[in-house]
Amino acid sequence: MLATMASDQFGVCSICRAPIRMGTKLVLCTVSTCNSGKRKLVFCSPGCWDAHLPTARHRDAGFTEEIARPGG
Ligand SMILES: [Zn+2]
Ligand SMILES: [Zn+2]
């Protein structure tokens with residue numbers, strides 16, 4: 001069995017690998033390529049979202065803040 005994450009953990013930040021817990025705020029990129037498919041990026045803070053911009057090369061990017069929920 002894979003048990004690398006605690007059950008109340010949503011995932012980890014794509015930049016700093018900080019754990020993101022269920023029910024806490026997370027930051028998503030508004031650009032669809034960052035937000036869908038197999039390479040879905042999540043960030044722990046707007047600062048980490050900002051850190052992915054040089055590699056992502058978006059023309060027009062923004063971020064949204066959401067609450068981490070199971071299955072969402
Ligand atoms: Zn982070
Ligand atoms: Zn992005």
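A residue counts as buried here if 20 or more other C-beta atoms lie within 10 Å of its own, and as exposed if 12 or fewer do. By that rule, 15% of the 72 residues of the protein are buried. The model is a predicted one.

Start with the overall layout. The protein has two helices and four strands. Along the sequence they run β-β-β-α-α-β. Contacts can be sorted by sequence separation. Among those joining residues at least 6 apart in sequence, 54% link residues at least 24 apart.

Now turn to the backbone. Most residues other than glycine have a negative phi.

Take R17 first. Its phi is near 65°, a positive value in a residue that is not glycine. Where does R17 sit? R17 lies in the loop between β1 (9-12) and β2 (19-21). Is R17 buried or exposed? R17 has 10 C-beta neighbours inside 10 Å. The cut-off for exposed is 12 or fewer, so R17 counts as exposed.

Next comes R57. Phi of R57 is near 60°, again positive in a residue other than glycine. R57 belongs to the loop between α2 (46-56) and β4 (63-67). For R57, 8 other C-beta atoms fall within 10 Å, so this residue is exposed.

R17 is in a loop that joins two strands, β1 and β2. R57 is in a loop that joins a helix, α2, to a strand, β4. R17 is exposed, and R57 is exposed as well.

How values were computed
Residues numbered from 1 in each chain as written. Chains lettered and ligands numbered in written order. Predicted model: local features only at pLDDT ≥ 70, side-chain atom pairs only at ≥ 80, totals over all residues. Contact = placed C-beta atoms within 7 Å.
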